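Welcome! Take a moment to look at the protein below, and then let us walk through it together.

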Amino acid sequence: MRELHRVAAFDAGFFRVEQVSLEGRSSPVTLLRMPDWVMTVAVDAAGAFVLVRQHRFGIAGETVEPAGGLVDPGEAPEAAAVRELREETGYAGGEVVPLGSTHPNPVLQDNRCHFFLVRGAVRVGAPHPDAEEEVAPVVMDRAAVDAALAGGQITHALAEVALRRALAQL
């Protein structure tokens with residue numbers, strides 16, 4: 001479809017909302033322009049998973065998920081993955097294995113979520129998340145992660161994708 005007109009409807013700083021009029025459509029398409037994201041599945045030498053418990057305002061509740069966040073302008077996704085792991089958990093690791101990426105919601109969004117596995121994670125200090133984040137590290141063995149996935153306790157769709165891709169590599 002040919003684009004006829006585009007209007008910036010809202011700018012929230014880290015994302016923008018645009019309305020796009022297309023030839024042949026009576027109503028405009030709403031797009032969310034967002035930076036890419038990362039999710040970092042960290043595993044320590046004993047095979048335990050280093051995750052975070054995080055408050056999510058959209059569901060007014062907590063989730064358990066891999067560390068993750070926005071890729072900063074000019075930052076490589078792998079660097080963002082390592083940075084987010086350190087900020088949210090206080091852990092760093094050795095080998096960083098790319099697990100691919102996905103479009104979180106291509107109906108509305110233009111960004112990608114990049115997934116990484118960090119092997120040999122070790123605690124190197126205290127977490128220092130962004131001021132607006134409410135996160136706490138959670139360490140779970142593989143059986144607990146498998147059970148949480150199978151039982152529906154991990155409800156963040158991107159977290160599930162990241163964990164299942166990491167489990168396939170381990």
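Where is Arg-2 found? Arg-2 sits in the segment before strand E1 (3-11). Leaving aside residues up to four places away in sequence, Arg-2 touches Ser-21, Leu-22 and Glu-23, where contact means heavy atoms within 4.5 Å.

A word on the background: this is a predicted model, in which local features need pLDDT of at least 70 and side-chain atom pairs count only at pLDDT 80 or more, while totals for chains, interfaces and linings use all residues. Residues are numbered from 1 along each chain as its sequence is written, and side-chain values use heavy atoms, with hydrogens and water left out.

Now the whole chain. The protein chain has 3 helices and 11 strands; these are DSSP runs numbered from the N terminus, with helices (H or I) of at least four residues and strands (E) of at least two. The C-alpha trace spans about 55 × 30 × 30 Å along its principal axes.

| H2 | 142-150 | Arg-142, Val-145, Asp-146, Leu-149 |
| H3 | 157-169 | Glu-160, Leu-163, Arg-164, Leu-167 |

H2 and H3 pack at an angle of about 135 degrees, with their axes 11 Å apart. Axes are lines fitted to C-alpha atoms, for helices over the stretch in contact, and angles run from 0 to 180 degrees between N-to-C directions. H2 and H3 are therefore oblique to each other (under 35 degrees counts as roughly parallel, over 145 as roughly antiparallel, 65 to 115 as roughly perpendicular and the rest as oblique). The residues of this contact divide into 4 nonpolar, no polar and 4 charged (Ala, Val, Leu, Ile, Met, Phe, Trp, Tyr, Cys and Pro count as nonpolar, Asp, Glu, Lys and Arg as charged, and the others, Gly among them, as polar).

Finally, which element gives the largest share of the lining of the largest pocket? That is H1, with 4 residues.
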